[in-house]
Each structure stands twice: as structure tokens, then as C-alpha cells.
Amino acid sequence: GVIKAVSEEYGALTGRYYDFAEEYKMDDADMVMVMLGSSAGTAKDVIDEYREKGDKVGLLKLRTFRPFPAAYIAEKLAGRKAVCILDRSASFGGQGGPLFMEIRSAMYGQQVAVHGYIYGLGGRDFDLRQVATVIEDLKKVAAGKEMKDVNLLGVRA
């Protein structure tokens with residue numbers, strides 16, 4: 001509640017309103033990518049390309065992590081065909097990255113396919129090709145294909 005109140009106060013002063021997340025092409029999205037930080041700009045470029053082809057993909061870029069806005073996220077992701085969460089770090093001893101684990105917990109009980117990706121390990125860049133890989137995977141999951149819960153992007157094999 002404090003975050004929401006401060007955001008509204010800031011908006012009244014500046015005319016710029018910020019919510020828990022930035023939504024990008026989420027209105028009719030069947031497939032959604034969720035991430036934090038500047039990598040979202042890279043994702044938006046590729047999402048635009050896929051939108052031009054008719055693929056209904058969107059982005060939810062979180063602005064806050066603690067306290068975690070679980071109810072807000074569960075509401076925004078409800079009813080989607082596939083969701084992927086991109087983490088720039090692993091959570092040692094955990095199943096996936098920290099954002100993935102929080103969102104998967106928030107989505108408990110909903111019939112939405114949720115998968116995680118860990119990218120940028122070792123300082124590696126996040127590029128357009130990796131975003132396209134994620135979207136292609138989302139399309140497969142939305143069509144009913146199974147895939148691993150947690151995946152790595154950009155790691156040399």
C-alpha cells in the first residue's frame with residue numbers, strides 16, 4: 001500500500017504515474033515475458049517484430065521486487081496461455097532464478113504454463129536472438145508442447 005500511495009503522490013506532483021510494473025502490449029497478449037531492468041528494452045524490439053507477424057506476445061517489466069507484489073502479478077498473468085520469467089541471476093539451491101520462484105509461487109493454483117530462463121550469466125550480453133528464442137518457446141508452450149521448467153540462455157555448451 002505504501003508503494004501505491006507514494007506512486008500516486010509522485011504522479012500528482014510530476015504528472016508521471018508509475019505502477020508496480022510497466023505493461024507493454026499486454027492488453028490482448030496470450031504469451032507474456034516477465035523481467036526486471038534494462039533488458040526489457042531489448043525484449044520490446046523483438047516483441048514489436050513478432051506483433052507485426054500476428055503473434056500476441058507482451059511484456060511485464062517489474063519495477064518493484066520487495067515487498068513482492070504477488071496479487072498484482074497473479075492478476076496480470078491470469079488467463080494467459082504461456083508465461084516466461086527471465087532472471088539475470090540464479091538462486092543457488094533453488095529451482096530457477098529469484099523472480100521465477102516468486103512468480104511461480106504467486107501463480108500457484110492457476111492453470112497457466114510458467115517457465116523460467118536464466119540469462120546474462122558471467123556478464124554475457126542479452127541479445128535479440130535470445131529474445132526470439134524465448135518467444136519461439138512461448139509459442140510452443142502455448143500450443144501445448146512440454147518444456148523444462150528452467151532454461152539457460154546464452155551459455156556456452
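Tutor: Let's start with a term: a residue is buried when its relative accessible area is under 20%, exposed when over 50%, and partly exposed in between (1.4 Å probe, protein chains only). Bear in mind that this is a predicted model, where local features need pLDDT of at least 70, side-chain atom pairs count only at pLDDT 80 or more, and totals for chains, interfaces and linings use all residues. Residues are numbered from 1 along each chain as its sequence is written, and side-chain values use heavy atoms, with hydrogens and water left out.

Now the pairs. Side chains of opposite charge can pair when their charged atoms come close. A salt bridge here is a side-chain nitrogen of Lys or Arg within 4 Å of a carboxyl oxygen of Asp or Glu, and by that rule the count comes to 10.

Take K76 and E23: their closest N and O atoms are 2.9 Å apart. (Helices, H or I with at least four residues, and strands, E with at least two, are DSSP runs numbered from the N terminus.) As for how open the spot is, E23 is partly exposed, with a relative accessible area of 35%.

R51 and D28 also meet through their side chains, at 2.8 Å from N to O. That pair links distant parts of the chain too: R51 is in helix 2, while D28 is in the loop between strand 1 and strand 2 (31–36), 23 residues apart. D28 is partly exposed, at 36% relative accessible area.

Next come D127 and R129, which form a salt bridge with 3.1 Å between the closest N and O atoms. D127 is partly exposed at 24% relative accessibility, whereas R129 counts as exposed at 61%.

Finally, have a look at D55, which is linked with E136 and K139 in a network of salt bridges. You'll find D55 in the loop between helix 2 (39–52) and strand 3 (57–62). D55 counts as buried because its relative accessible area is 15%. What does D55 touch, leaving aside its neighbours within four places in sequence? D55 is in contact (heavy atoms within 4.5 Å) with M31, Y50 and K139.
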